[in-house]
Amino acid sequence: MSLLQLRDVAVTYRAASGEVPAVRGVSLALPAGQALGVAGESGSGKSTLAMALLRLLPRDARVTGEILLDGEDVLGMKWGRLRAVRWASASVVFQGAQHALNPVRRIGEQIAEPLLVHGMATAAEARRKAGELLEHVGLPAWRARGYPHELSGGQRQRVMIAMALACSPRLIVADEPTTALDVMIQAQVLALIRSLIAEHDIGLIMISHDLSVLASMCDRLAVMYAGRVVESGPSREVFQSARHPYSRALSEAFPTVGDPASRMAPKGLGGDPPDPAHLPAGCSFHPRCPVSLPSCASRDVELWPVDESRGEADSPNAHTAACVHVRPEGVQPAEGGGDHDGPAVQPAEEVR
Ligand code: ADP
Ligand code: MG
């Protein structure tokens, strides 16, 4: 059984200006102890998806589909159960989380808090554990007596990781955990996360706009565009031989040296990602796609195995992409639809 299983998860915000479908039909599985990277430009729905996993979204967000954590239905959980699951089974390290520390409380108290709240330790045990957790993330135990302002940004992010580890969760969701840090510190924090998840056999969902970082840390990658997963597969395959033209552009993008927080322009792509409230018809990527066909303006294509000999789209090893060049029959007329004659389908061309 997967540690985490998502089936057809959709999130719609009800904004004053109308509905915003921020996540659309995402299905993913994460086996225990594995790392899954979620990539995509700003606005592609990554944080919305991360927050949906533990129901941390604001009230105006409607979540549908199925989210199973260790087989348990997260969307159906009562509040008491949900509170127990947060931290104890799964914890989240947010983008810019280092700013979430309380400036007037000692660091050790803040790390110990989830242990106390969940009744997992006495006050004395929690204090000792806080010191151990700090050492675990590469900070001296005496820092527990200090305050957040005495630490650098990278050290504060280490504290947030220590907090996320406090209750020995089986899953950590890390949403751009290093985006606000400088390049050297970024590499250190990523190496720390990687060694901790391996050591403790923790499942990781790591979110980033940087496909190269994800490829170096994760077993599998999922690339999101306009709220959908457009490609998913083993990390190296997706990074080195992406089959969706959007993943390919992301894999060829590089962060601006010295400015890791900069939004990278994916190579060869003009324009901006679409506003989810006004998605283009057909494949939402087609207006920016360098290899689109006329049919892409009216027809979307589901995720499809890039190599059918390797089995179904939902097998654990699958590499899938939602592109007409991977599934050319996707441009055939819809059943019963008379509005679309379907142009003569070109043979699947190798787009790389
Ligand atoms: P990412 O993390 O990939 O940058 P987000 O999940 O933050 O993307 O956002 C996805 C889309 O949802 C964006 O278009 C964003 O503007 C929209 N969005 C996020 N939060 C809200 C909200 N509370 N109300 C309405 N729209 C939102
Ligand atoms: Mg985000």
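Analyst: Buried means under 20% relative accessible area, exposed over 50%, and partly exposed in between, with a 1.4 Å probe and protein chains only. This is a predicted model, in which local features need pLDDT of at least 70, side-chain atom pairs count only at pLDDT 80 or more, and totals for chains, interfaces and linings use all residues. Residues are numbered from 1 along each chain as its sequence is written, and side-chain values use heavy atoms, with hydrogens and water left out.

User: Is cysteine 296 buried or exposed?

Analyst: The cut-off for a buried residue is under 20%. Cysteine 296 has a relative accessible area of 8%, so it counts as buried.

User: How many disulfides are there?

Analyst: A disulfide is counted when a pair of cysteine sulfur atoms lies within 2.5 Å. The count by this rule is zero. For cysteine 296, which is in no disulfide, the nearest cysteine sulfur belongs to cysteine 283, at a distance of 6.1 Å.

User: Which residues of α4 are buried, and why are they on the same side?

Analyst: Helices are DSSP runs (H or I, at least four residues) numbered from the N terminus, and α4 spans residues 123-136. Arg128 and Glu135, on the other side, are exposed. The buried residues are Ala126, Ala130, Gly131, Leu133 and Leu134. They lie on the same side of α4 because they cover an arc, taken from the directions from the helix axis to the C-beta atoms, of only 160°.

User: Which glycine follows α4?

Analyst: The residue has a positive phi, near 85°. It is glycine 138.

Conventions:
Chains are lettered from A and ligands numbered from 1 in the order in which they are written. Helices (H or I, at least four residues) and strands (E, at least two) are DSSP runs, numbered from the N terminus. The expected span of a helix is 1.5 Å times one less than its number of residues.
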